Amino acid sequence: MARQVQPGSVRLERAACPWGSAKPGLYSVPKSFSDVSAKACQALISAPQGSAPHPNVAGRTGNGDFADSLAEMDHHVGEVADAIKDLGLVEDTVFIFTSDNGPEELVSARGWAGPWSGSYFTAMEGSLRVPFIMRWPGKVTAGRVSNEIVHEVDTFTTLARIAGGEAPKDRMIDGVDQTDFLLGKQEKSNREGFVCYVADTLQAVKWRNWKGHFVWQEYKYDAPQRLPIIRVHNLLVDPRERENVQSLNSWVIYPMTKIVNDFQDSLKTEPPTPPGAPDPYLPPAGGPRGSPRPGSAASPRPRP
């Protein structure tokens with residue numbers, strides 16, 4: 001099966017199989033999910049660290065490692081999509097393309113954060129915002145675009161429901177069920193905001209299109225600066241977080257503070273799972289169960 005990969009005129013059809021096959025041609029497409037799993041694991045074990053492309057792809061774009069890595073990623077995503085199609089499982093497969101964070105600050109893995117500032121390990125939008133592309137023919141409307149907030153932890157609760165399961169009911173759950181939003185049954189996300197910790201430091205909070213910084217750190221290797229007063233940005237008009245508009249929009253501090261206080265209070269009721277805890281872990285008795293942790297779900301919408 002031949003597949004041309006863009007950008008430009010990049011073609012990977014003649015790259016040798018990264019799993020050890022000496023036969024020239026396109027990377028082999030497994031015909032069963034057991035083959036997919038086995039070959040994916042082998043590829044991960046032998047993959048270079050960081051954003052360096054596979055040796056069989058390096059130099060193919062002529063635009064450096066980052067461009068080569070993009071072409072390689074695009075190629076592999078296409079392979080997975082083609083394999084699902086060949087197996088006749090397209091309508092029964094939820095296909096999601098996303099990431100867990102924005103670009104690194106290391107030059108070799110920096111990438112690009114688009115119109116947003118910042119890098120991984122900060123609370124800037126360039127660190128927090130990632131693509132989330134979902135395909136499920138007949139269920140997810142093609143071409144629909146939204147700027148609503150969906151957090152990474154929501155995928156656990158949402159995919160559990162889509163798969164016919166449910167989230168545990170014996171503990172607080174950080175994830176919010178976004179099934180109805182993602183399937184187009186409602187226009188608004190079930191999440192209005194979230195707290196942003198860097199390591200164990202609360203650095204920022206998001207509420208709708210507003211961001212409040214308690215600690216200012218634009219890039220990973222910048223020294224964090226504890227701010228005497230919360231710094232506020234309207235991300236719709238200031239996506240690069242350059243203008244502090246707190247004095248003109250002090251009303252927004254209330255919903256932001258509520259998200260922070262509710263979340264931190266919930267940590268007192270049910271602390272995070274301690275390091276080295278047994279698996280499966282049973283949380284201590286007491287506190288609300290089987291519902292989103294406070295500070296996660298959408299709340300009544302205050303007006304300025």
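## Close-up views of a predicted model

The largest cavity in this structure has a volume of about 40 Å³. Everything here comes from a predicted model, in which local features need pLDDT of at least 70 and side-chain atom pairs count only at pLDDT 80 or more, while totals for chains, interfaces and linings use all residues. Residues are numbered from 1 along each chain as its sequence is written, and side-chain values use heavy atoms, with hydrogens and water left out.

**View 1. The whole protein chain, with its helices and strands.** Welcome to the overview: the protein chain has six helices and six strands. Their order from the N terminus is α-α-β-α-β-α-α-β-β-β-β-α. Helices (H or I, at least four residues) and strands (E, at least two) are DSSP runs, numbered from the N terminus. Of the 304 residues in the protein chain, 36% are buried. Here buried means under 20% relative accessible area, exposed means over 50%, and partly exposed is in between (1.4 Å probe, protein chains only).

View 2. Rolling a probe the size of a water molecule over the atoms shows where empty space is left. How many cavities of 30 Å³ or more does a search of the whole structure find? The search finds one. A cavity is a set of points, on a 1 Å grid over the protein atoms alone, where a 1.4 Å probe fits but cannot get out; lining residues have an atom within 4 Å of a point. Grid points are joined across faces, edges and corners, and the volume is the space filled by probe spheres set on the points. The residues to look for in the lining are I96, F132, V150, D154, T155, T158, L159, Q178 and L182. Helix α4 (residues 154–162) gives the most to this lining, with four residues. Sorted by class, the lining has five nonpolar, three polar and one charged residues. In this sorting, Ala, Val, Leu, Ile, Met, Phe, Trp, Tyr, Cys and Pro count as nonpolar, Asp, Glu, Lys and Arg as charged, and the others, Gly among them, as polar.

View 3. D154 lies in helix α4 and R191 in the loop between α5 (179–182) and β3 (193–198), so the pair ties together parts that are 37 residues apart in sequence. Both partners are buried. A salt bridge is a side-chain nitrogen of Lys or Arg within 4 Å of a carboxyl oxygen of Asp or Glu, and by this rule the count comes to 15.

**View 4. Other salt bridges to look for.** K169 and E166 meet through their side chains at 3.9 Å, N to O, and both of these residues are exposed. Is E105 buried or exposed? E105 counts as buried, at 16% relative accessibility, whereas R110 is partly exposed, with 36%.

**View 5. A nonpolar patch on the surface.** F66, L70, M73 and W112 form this patch, and together they have about 460 Å² of accessible area. Patches are made of residues with over 30% relative accessible area and no salt bridge, with like charges joined within 9 Å and nonpolar side chains (Val, Leu, Ile, Met, Phe, Trp, Tyr) within 5 Å. Accessible areas come from the Shrake-Rupley method with a 1.4 Å probe, and for residues only the protein chains shown count as cover. M73 sits in helix α2 (residues 64–86) and is partly exposed, at 38% relative accessible area.

View 6. Although F121 is not a glycine, its phi is positive, at about 70°. Look for F121 in the loop between β1 (95–98) and α3 (125–128), where this residue is partly exposed at 39% relative accessible area. R208, also a residue other than glycine, has a positive phi near 50° and is found in the loop between β4 (201–207) and β5 (210–216). The peptide bond from D279 to P280 is cis, with omega near 5°, and P280 lies in the segment after α6 (253–269).

Note on methods:
1 Å grid on protein atoms, 1.4 Å probe; cavity = no way out; pocket = protein on both sides within 12 Å on 5 of 7 lines; lining within 4 Å.
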